[in-house]
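Me: I'd like to go through this one with you. Can you take my questions as they come?

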Amino acid sequence: MVRPPFSVRQDPGRLDAFHALHEGVPEGLRPSLLTWTLDRYCSFASMFTDEGRVGHLERTINREVVPGGDRTKRSDVGKSLAADDELLLDAADVALTWASEHEVALLTTYLAQARSTYGIGVDEDGDYMIQLRQPEELSSLIEAEATQPGRQAEHLQIAWAKCFGLHPDLNEACTEAVKAIEVAAKPVVTPDDPLATLGKMCGAIRDKPEKWETDSGFDGSVQTMLAMMDLVWKGQLRHGDEDAPLEASQEAAEMTVQTAVLLVSWFRSGRIRLKQ
C-alpha cells in the first residue's frame, strides 16, 4: 500500500479518497508513464525513435501514431501520446512485449503508486500486458494455476487475459473459463465421459451430491461448489438464448473468470474429490 503524503496524513478524512483507484491515466501518473513509454520506443538518450518498434505499434493498433507528423522523432511521438490516453496506454501495453524485467517492475511500481485501476499481468502467450488491477490473492492464484501442466492452465490464462486486458473479449473470456473447469473437473466428476460439458457435470453432482467431498468441514460444501459451477455455466452466452444479452458485462465476466480460477485450483489440487 502506498503511504499517504503528509498533507493527507494530517487530514484523516481524505484517506479514503487517497486510496481510491483512478481510472484511465491519472494526472500524477501521466509524466512517468509517458517517459517510460517513450524510452521503450527510442534508443537510450536518443531523440529519435526505433522505426521498427513504432511500426509494430501501428500495425498492432491499426492506426498511425503521428498523423501528419514524423514518427521517427521522439518529440512528435511524445506529443501524440500525451494528447491521447488510449494511445498512451496501448503504446505502453505493446512496449511490454520487449521490455526487460527491470522495466516491467518499474512500470508496475508507477501504476501502484498512482493508485491506477491498471496493473501488470500476463496474456495467453505468457507476455506481459496491462490489465485491470486484481486483488493480490487472486493474482497470485492465477499465476500459480497458469503455470501448472495441462490444458486447463491454457484455458485459464486465455480467460484471464480476455477478461482483464485493455481490450477485453468478455464472451470469449467466459467460454474459456468454462473450458478450464471442464478440463480440471472431468477426471473427478465424469471420468468415464470425455465429452461431458460443465452443464452435464453440474447435473451429475446435483443428482448424487453424496458421491463427492471437499476439504471444507462445512456440510454444505458440495452444494456451494455446485452453485459456483452453475454460476460459471449459466454466465456464458454461447447457447443462442434470444432473451440473453449479446455481450456479457464486465462485472459478470469478472465473477465468472474469478470463480473459474478457484474451481480449477480446487479440482486440480484434490480439494474436491470423489469419496473413497
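Reply: One definition before we start: a contact here means heavy atoms within 4.5 Å. Also note that this is a predicted model.

Me: Fine. What share of the contacts with a separation of 6 or more is between residues 24 or more positions apart?
Reply: Such pairs account for 63% of those contacts in the protein.

Me: How many helices and strands are there?
Reply: The protein has 13 helices and four strands. Its C-alpha atoms fill a box of roughly 70 × 50 × 40 Å along the principal axes.

Me: And how much is buried?
Reply: Of the 276 residues, 44% are buried. The protein exposes about 14,800 Å², and carbon and sulfur atoms supply 51% of that.

Me: Which residues have the most contacts inside the largest nonpolar core?
Reply: Met229, Leu263 and Phe267, in a core of 40 residues. The elements giving two or more residues to this core are α8 (136-146), α9 (151-164), α10 (170-189), α11 (198-207), α12 (221-235) and α13 (250-269). The most comes from α10, with 11 residues.

Me: What does leucine 263 touch, sequence neighbours aside?
Reply: Leaving out neighbours within four places in sequence, leucine 263 is in contact with Ile181, Met225, Met228, Met229, Val232 and Ile272. Apart from that core lies another one, of 31 residues, including Leu33, Val66, Val94 and Leu111.

Me: Switching to α4. Which of its residues are buried?
Reply: In helix α4 (residues 51-61) they are Val54, Gly55, Leu57, Glu58 and Ile61. They cover an arc of only 155° around the axis, so they sit on the same side of α4.

Me: Why would that spacing line up?
Reply: An α-helix has 3.6 residues a turn, so residues three or four places apart point the same way.

Me: What covers that side?
Reply: The cover over the buried residues of α4 includes α3 (30-41) and α6 (85-95).

Me: What happens at the two ends of α4?
Reply: At the start, a side-chain oxygen of aspartate 50 comes to within 2.9 Å of the backbone nitrogen of glycine 52. After the helix comes asparagine 62, with a positive phi near 55°.

Me: Last one, threonine 117. Buried or exposed?
Reply: Buried, because its relative accessibility is 15% and the cut-off for buried is under 20%. Threonine 117 is in the loop between α7 (101-113) and β1 (118-122).

Me: What is threonine 117 in contact with?
Reply: Neighbours within four places in sequence aside, threonine 117 is in contact with Leu21, His22, Glu23, Gly24, Gln131, Leu132 and Arg133.

Technical notes
Residues numbered from 1 in each chain as written. Predicted model: local features only at pLDDT ≥ 70, side-chain atom pairs only at ≥ 80, totals over all residues. Heavy atoms only, no water. Buried < 20%, exposed > 50% of the residue type's maximum accessible area, 1.4 Å probe, protein only. Arc of directions from axis to C-beta. Polar contact = N/O pair within 3.5 Å; in protein donor to acceptor, adjacent residues only side chain to side chain. Core = buried A, V, L, I, M, F, W, Y, C linked by side-chain atoms within 4.5 Å. Areas by Shrake-Rupley, 256 points an atom, 1.4 Å probe, with all protein chains shown as cover.
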